[in-house]
Amino acid sequence: MMKTFDDMKDRLVELDVRKMEENVFSLISKEWMLVCAGDASSFNMMTASWGGLGWLWNRPVAFVFIRPERHTHGFTENHDTMTLSFLGDGCRDILNFCGTKSGRDCDKVAETGLKPFLSPSGNILFEQARLSLECRKLFKIKLDEAAFIDKSLLDRFYGANGGQHDMYVVEIERVWKIK
């Protein structure tokens, strides 16, 4: 049985997203993140090393890129929210596994030892995450080959490497940090 927020609340503190002191460039590019969508009955997560955090439409936002062929994409499409979890040092093996294996073929929680629990909003968080962002989808667009100004990016990141990403702009509604 999955833990609830009440089981974890003594280990977490909620942060004001506007007062975060994280280096947003290091968070995603160096630390990577788990993108998770779904609910207590069914969810999936994947590793992402691309994305961004910023301010758009007078809101704190994240930019998340998911290829349509990824298993997590379907969960993202079918739910209004997602979480972005930063696991920190010592969890690269979990991130490597979740970035190279599909939830269609294995149970990522069982295989990695991830320990999910529900946030007060019913989103999936992980005990191993040192920092977690609860986000709500605001916008989605499919990257279009014709829109690329630097065409070398198409050869380097697409074609034989997979389909073009969908970009989601999500509002960061809550931030949780391990005490």
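Visitor: Which residues does Glu31 touch, not counting residues up to four places away in sequence?

Guide: Contact means heavy atoms within 4.5 Å. By that rule Glu31 touches Ser26, Phe86, Leu87, Gly88, Arg92, Leu95 and Arg130. This is a predicted model, where local features need pLDDT of at least 70, side-chain atom pairs count only at pLDDT 80 or more, and totals for chains, interfaces and linings use all residues. Residues are numbered from 1 along each chain as its sequence is written, and side-chain values use heavy atoms, with hydrogens and water left out.

Visitor: Which polar contact does the side chain of Glu31 make with another side chain?

Guide: A polar contact is a pair of N or O atoms within 3.5 Å; within protein, one must be able to donate a hydrogen and the other to accept it, and residues adjacent in sequence count only if both atoms are side-chain atoms. The side chain of Glu31 has such a contact, of 2.9 Å, with the side chain of Arg130. A polar atom of the Glu31 side chain also lies 2.9 Å from the backbone nitrogen of Gly88.

Visitor: Is Glu31 buried or exposed?

Guide: Buried means under 20% relative accessible area, exposed over 50%, and partly exposed in between (1.4 Å probe, protein chains only). Glu31 counts as buried because its relative accessibility is 16%.

Visitor: Where does Glu31 lie?

Guide: Helices (H or I, at least four residues) and strands (E, at least two) are DSSP runs, numbered from the N terminus. Glu31 belongs to helix H2, which spans residues 24–31 and has Leu27, Ile28 and Glu31 as its buried residues. These three are on the same side of H2, because they cover an arc of only 115° around the axis, taken from the directions from the helix axis to the C-beta atoms. Phe25 and Lys30 are exposed, on the face of H2 turned away from its buried side. After H2 comes Trp32, with a positive phi near 70°.

Visitor: What covers the buried residues of H2?

Guide: The cover includes strands S2 (33–39), S3 (42–48), S4 (52–56), S6 (81–86) and S9 (131–142), along with helix H4 (92–100).

Visitor: How many residues has the largest nonpolar core?

Guide: A nonpolar core is a set of buried Ala, Val, Leu, Ile, Met, Phe, Trp, Tyr and Cys residues joined through side-chain atoms within 4.5 Å. The largest one here has 23 residues, and those with the most contacts inside it are Val35, Val64, Met82, Leu84, Phe86, Leu133 and Ile172. Two or more residues each come from H2, S2, S3, S5 (59–66), S6, S9 and S10. S10 gives the most to this core, four residues. Another core of 13 residues lies apart from it, with Cys36, Met45, Leu87 and Ile124 among them.

Visitor: Which polar contact joins Glu171 to another side chain?

Guide: The side chains of Glu171 and Arg136 are joined by a polar contact of 2.7 Å. Glu171 lies in S10, residues 166–178, and is buried, with a relative accessible area of 15%.

Visitor: What is the phi of Trp57?

Guide: Trp57 is not glycine, and its phi is positive, near 55°. Asn58 also has a positive phi near 55°. Trp57 is partly exposed at 47% relative accessible area, whereas Asn58 is exposed at 66%.

Visitor: How much space lies in the largest pocket?

Guide: Rolling a probe the size of a water molecule over the atoms shows where empty space is left. On a 1 Å grid over the protein atoms alone, a cavity is a set of points where a 1.4 Å probe fits but cannot get out; a pocket is an open set with protein on both sides within 12 Å along at least five of seven lines, and lining residues have an atom within 4 Å of a point. Points are joined across faces, edges and corners, and a volume is the space filled by probe spheres set on them. The largest pocket holds about 330 Å³. Of its 15 lining residues, Thr47, Ala48, Ser49, Arg70 and Gly99 are the closest to its centre. H4 supplies the largest share of the lining, four residues.

Visitor: Where is Ser49?

Guide: Ser49 is in the loop between S3 and S4 and is partly exposed, at 36% relative accessible area. Leaving aside neighbours within four places in sequence, Ser49 is in contact with Ile28, Ser29 and Trp32.
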